Amino acid sequence: MMNIKRFHPGVYLKDELEVLNMTASEFSLRTGISERTLSGLFNQKGSITFDIAYKLSNYFGNSISFWTNLQNSYDLYLRQEQEQNEIEEDWDLIKSNSLKNYLIDLKIIEPSDEKKVVVQKTRNVLGVNNLIVLQKKDAFVNLKEQYVSHESNEFLKNFWIALSLNKGRKQNVNEYNKMKLKSKLKEIRSLTLLEPKDFVPRLINIFSECGILFVILPYLAKSNIYGITKWYNKDSALLAISNRGEKADVFWFTLFHEIAHVLMEHRRELLINEMNIEDVEANRLSEELLIKRSDWNKFILKGVFTKESIERFAKKIGILPCIVLGRLHKEKIIPYGVYDKDFNVSYRSIYEYYIIK
């Protein structure tokens with residue numbers, strides 16, 4: 001039996017007219033359907049609307065739904081064919097960008113999942129109908145911290161941002177409270193001395209109390225995204241960061257940089273790969289929040305930057321030594337690489353302590 005859904009309804013209608021030995025002109029006269037409309041149907045370029053279905057049902061003595069179902073079945077067939085193509089395109093994007101292991105690490109997919117399942121799960125967690133849309137340059141987020149020395153992959157950048165935004169939307173937090181956030185800064189800073197398994201749950205609770213949606217995700221190579229700040233509305237802000245570099249000092253500087261953006265309520269539409277006034281302001285505030293300028297100046301004036309002096313200063317102000325070292329590197333007081341092995345603290349799998357829902 002012919003699978004009629006694979007054929008345009010116009011093919012079926014044209015066959016009926018041939019059986020009746022009737023021209024399109026005569027059929028048009030009898031039904032009130034224009035010859036132009038009939039020509040479009042016969043050439044599989046038009047669609048059977050409700051009005052056409054009504055006229056056809058009157059003429060052939062069958063139901064309106066018979067004709068609309070023919071059209072719907074054909075449209076569904078075409079959509080299913082298109083969906084197969086889109087699945088292949090999405091799968092190619094996942095493969096070509098080496099995303100499968102990233103998705104497995106986040107427990108979004110299972111290693112045994114088939115192609116179609118991988119694609120559908122990925123779409124669901126990103127909140128998109130297909131991954132192709134992520135290839136477009138899109139203003140997903142207000143502010144982005146990116147490594148500007150390298151060109152970013154637009155698809156991977158949007159992938160990470162879309163994942164962060166969708167994860168954030170699923171959280172329930174209080175309304176944003178700027179005063180409460182300010183009151184928690186000292187405690188957040190003290191968390192630098194703890195292990196990820198201890199400070200991550202506390203960070204989540206603090207941000208929730210302050211009305212901030214908090215997300216930690218693994219760094220996605222070539223996305224060049226360190227962290228993002230997004231205001232959903234005046235009472236709801238998202239703060240998402242990665243474990244880029246897998247180093248503690250980078251994590252904490254990025255976190256306080258994004259906190260600074262929230263505190264200063266930077267809400268511009270889109271800032272990418274440029275040193276703008278908002279980033280300059282956020283850098284200054286984040287530096288002050290981590291190490292007070294007055295304390296830093298006293299330390300620098302001594303001019304002694306040994307392992308012992310760095311450890312003493314870090315202990316005195318209650319912060320990780322690697323954060324002090326990172327500041328010394330950044331301000332080019334001592335060269336990059338010096339003391340890294342002595343003070344480096346890895347946060348390789350910090351995201352594992354963040355519950356991926």
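Tutor: Helices (H or I, at least four residues) and strands (E, at least two) are DSSP runs, numbered from the N terminus. This is a predicted model: local features need pLDDT of at least 70, side-chain atom pairs count only at pLDDT 80 or more, and totals for chains, interfaces and linings use all residues. Residues are numbered from 1 along each chain as its sequence is written, and side-chain values use heavy atoms, with hydrogens and water left out.

Student: Which residues of H3 are buried?

Tutor: Buried means under 20% relative accessible area, exposed over 50%, and partly exposed in between (1.4 Å probe, protein chains only). In H3 (residues 35-42), Leu38, Gly40, Leu41 and Phe42 are buried.

Student: What covers the buried residues of H3?

Tutor: Contact means heavy atoms within 4.5 Å. Among the covering elements are helix H1 (9-19), H2 and H4.

Student: How many aromatic pairs are there?

Tutor: Rings of Phe, Tyr and Trp (its six-membered ring) pair if their centres lie within 6.5 Å; planes under 30 degrees apart are stacked, over 60 edge-to-face, and the rest tilted. The rule gives 21 aromatic pairs. In one of them, the centres of Phe27 and Phe60 are 6.0 Å apart and the planes lie at 35°. The distance meets the cut-off, and the angle falls between the two limits, so the pair is tilted.

Student: What does this pair tie together?

Tutor: Phe27 lies in helix H2 (residues 24-31) and Phe60 in helix H4 (residues 50-60), so the pair ties together parts 33 residues apart in sequence.

Student: Why is the pair of Phe66 and Trp67 called edge-to-face?

Tutor: Their ring centres are 5.1 Å apart and their planes stand at 90°, so the pair is edge-to-face.

Student: Is each of Phe27 and Phe60 buried or partly exposed?

Tutor: Phe27 has a relative accessible area of 0%, so it is buried. Phe60 has 24%, so it is partly exposed.

Student: How do you class Phe66 and Trp67 by relative accessibility?

Tutor: Phe66, at 30%, is partly exposed. Trp67, at 1%, is buried.

Student: Which residues do ring pairs link into a cluster?

Tutor: The cluster holds Tyr12, Phe27, Tyr59, Phe60, Phe66 and Trp67.

Student: Why is the charged end of Arg244 said to sit over the ring of Tyr226?

Tutor: The rule asks for NZ of Lys or CZ of Arg within 6 Å of the ring centre and within 35 degrees of the ring normal. Arg244 is 3.3 Å from the centre of the Tyr226 ring. The charged end of Arg327 also sits over a ring, that of Trp296, 4.6 Å from its centre.

Student: What makes a nonpolar core, and which residues have the most contacts inside the largest one?

Tutor: A core is a set of buried Ala, Val, Leu, Ile, Met, Phe, Trp, Tyr and Cys residues joined through side-chain atoms within 4.5 Å. The largest has 81 residues, and Trp252 and Leu255 have the most contacts inside it. A second, separate core of 14 residues includes Leu13, Leu17, Leu38 and Phe42.

Student: How do you know that Glu209 and Lys184 form a salt bridge?

Tutor: A salt bridge needs a side-chain nitrogen of Lys or Arg within 4 Å of a carboxyl oxygen of Asp or Glu. The closest N and O atoms of Glu209 and Lys184 are 3.5 Å apart, so the pair qualifies. Glu209 lies in helix H10 (residues 196-210) and Lys184 in helix H9 (residues 178-190), so the bridge ties together parts 25 residues apart in sequence.

Student: What about Glu187 and Arg202?

Tutor: Their closest N and O atoms are 2.7 Å apart, in a salt bridge. Glu187 is in H9 and Arg202 in H10, 15 residues apart. Lys184, Glu187, Arg202 and Glu209 are linked in a network of salt bridges.

Student: Why is strand S4 called largely enclosed?

Tutor: In S4 (residues 236-242), 7 of the 7 residues are buried, so the rest of the structure largely encloses the strand.

Student: What makes S2 and S4 a pair?

Tutor: Pairing takes at least two DSSP bridges between two strands. S2 (residues 212-217) and S4 run parallel and are joined by 6 bridges, so they pair. Leu213 has Leu238 as its bridge partner in S4.

Student: How do S3 and S4 pair?

Tutor: S3 (residues 225-233) and S4 are antiparallel, over 6 bridges. They form a hairpin with 2 residues between them.
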